[in-house]
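Keep the structure in view as you read.

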Amino acid sequence: MKYKAVVLVHLGAPEDFSLGAAEDFLYEFLSDKNVLQTNIVLRKILAKFISKKRAPAYLANLKKTSVDNKMRLPYFAKSIAKKLEAKLQIPVFEAAIYGSENIYKRVYEISAAHENKILFIPLFPQASSATVATPISEILSFNEENFGVLSAYFADSFYIDALSKSIENYAKDVKEILVSYHSLPMSARGADSYFAACECTTELLRKKFPEKNLHTVWQSAMKFGKWLRPSAKEKLQNILQKGASEIGVICPGFFCECTETLLEINEDLRTEFLNLGGKNFAYIPCLDDSDLQINLLEKIVKENL
């Protein structure tokens, strides 16, 4: 066996449910050169301004979507790690890119205990430079010979099958399906494989459901600059204008439910849909720590161990 331990890598969360922790987390995230792609001086200024302005609303949303008074991403990452460890019979950990459970602090502890033979799995099926470029380069720099990083699994058959089963379970008879991904600035489209990866996932799902109309859409864009389009809201309005009264929405890029899926899609977009006269809004949940998720990751890991 090439690797002796697995580390699931996710975006992370603030240290606690305080305003200061929320602001610190946003600042750390926005200060990453792969997130705000501008010169360091302007990036730091923008990161400070945006994090301070958005922290109160961000914190409120984290509290609203918490699970047992715990933040969703680390909660589900820990649960997945525990269940996956039972399946694989090797140690499985979780670590975050930003905030608590910081991967740069944990990697030394984990590697020392497991002979440096570690497989890192970023929980970003369609990986973009904004989410994984920095941590992957840092991880490999620690011990490139013994560390492995699983590439994005946007076209993996196990992943596509898991998404397909979710669509069958929650939107079996719905013809119009929005396949919603986190947006990126238009400036990153040509330099980042993320856009193509998202389109690939949607196309593979189309082949599973030739009787349905699957539409790639984008969500969670910031209010400044030009971002990938059409937005989920724009496409939803377009579909309704053509006479549809039912719509399904799936968010394949999110490994678990979070503020972007629960509030922006299942709450705000649902309200928009109903206010415009729609009848059936079929939200297709993220995989979370379901058997579909655990079996998918088990198969992917075993292929790479």
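Two strands count as paired if DSSP finds at least two bridges between them. Helices (H or I, at least four residues) and strands (E, at least two) are DSSP runs, numbered from the N terminus. In β8, the residue opposite Gly-248 is Ala-282. The model is predicted: local features need pLDDT of at least 70, side-chain atom pairs count only at pLDDT 80 or more, and totals for chains, interfaces and linings use all residues. Residues are numbered from 1 along each chain as its sequence is written, and side-chain values use heavy atoms, with hydrogens and water left out.

**The sheet with β1 to β4**

- Four strands make an open sheet in the order β2-β1-β3-β4, and their pairing is parallel.
- β2 (92-99) and β4 (147-149) are the edge strands, and each pairs on one side only.
- Neighbouring strands here are turned by 30° against each other on average, direction ignored. Such angles run from 0 to 180 degrees between N-to-C directions, and the axes are lines fitted to C-alpha atoms, for helices over the stretch in contact.
- Strand β1 (residues 5-13) pairs with β2 over 7 bridges, in the parallel sense. Val-7 faces Phe-93 of β2 across this pairing.
- Helix α1 (residues 19-30) packs on the sheet and touches β1 and β2. Its direction makes about 85° with that of β2. Contact means heavy atoms within 4.5 Å.
- β1 and β3 run parallel and are joined by 5 bridges. Leu-8 has Ile-121 in β3 as its bridge partner.
- β3 and β4 also run parallel, joined by 3 bridges. Here Leu-119 is partnered by Gly-148 in β4.

**How covered is β3?**

- In strand β3 (residues 118-122), 5 of 5 residues are buried. Buried means under 20% relative accessible area, exposed over 50%, and partly exposed in between (1.4 Å probe, protein chains only).
- Which residues cover the two sides of β3? Ile-118, Phe-120 and Pro-122 are buried on one side, and Leu-119 and Ile-121 are buried on the other.

**Helix α2**

- Helix α2 (residues 40-64) has 25 residues, so at 1.5 Å a residue it should span 36 Å. Its end C-alpha atoms are 34 Å apart, which agrees. The expected span is 1.5 Å times one less than the number of residues.
- A kink of about 50° lies at Ala-55, shortly before the proline Pro-56. The bend at a residue is the angle between axes fitted to the seven residues ending there and the seven starting there.
- Buried residues of α2 include Arg-43, Ala-47, Ile-50 and Leu-62. What covers the buried residues of α2 includes α1 and α9 (259-275).

**The sheet with β5 to β8**

- Another open sheet has 4 strands in the order β6-β5-β7-β8, with parallel pairing.
- β6 (213-219) and β8 (280-284) each have a single partner strand, so one side of each is left without a neighbour in the sheet.
- In this sheet, neighbouring strands are turned by 25° against each other on average, direction ignored.
- Strand β7 (residues 246-250) pairs with β8 over 5 bridges, in the parallel sense.
- Helix α8 (residues 232-241) lies across β5 (176-182), β6, β7 and β8, at about 170° to β5.
- α9 lies across β5, β6, β7 and β8, running at about 170° to β8.
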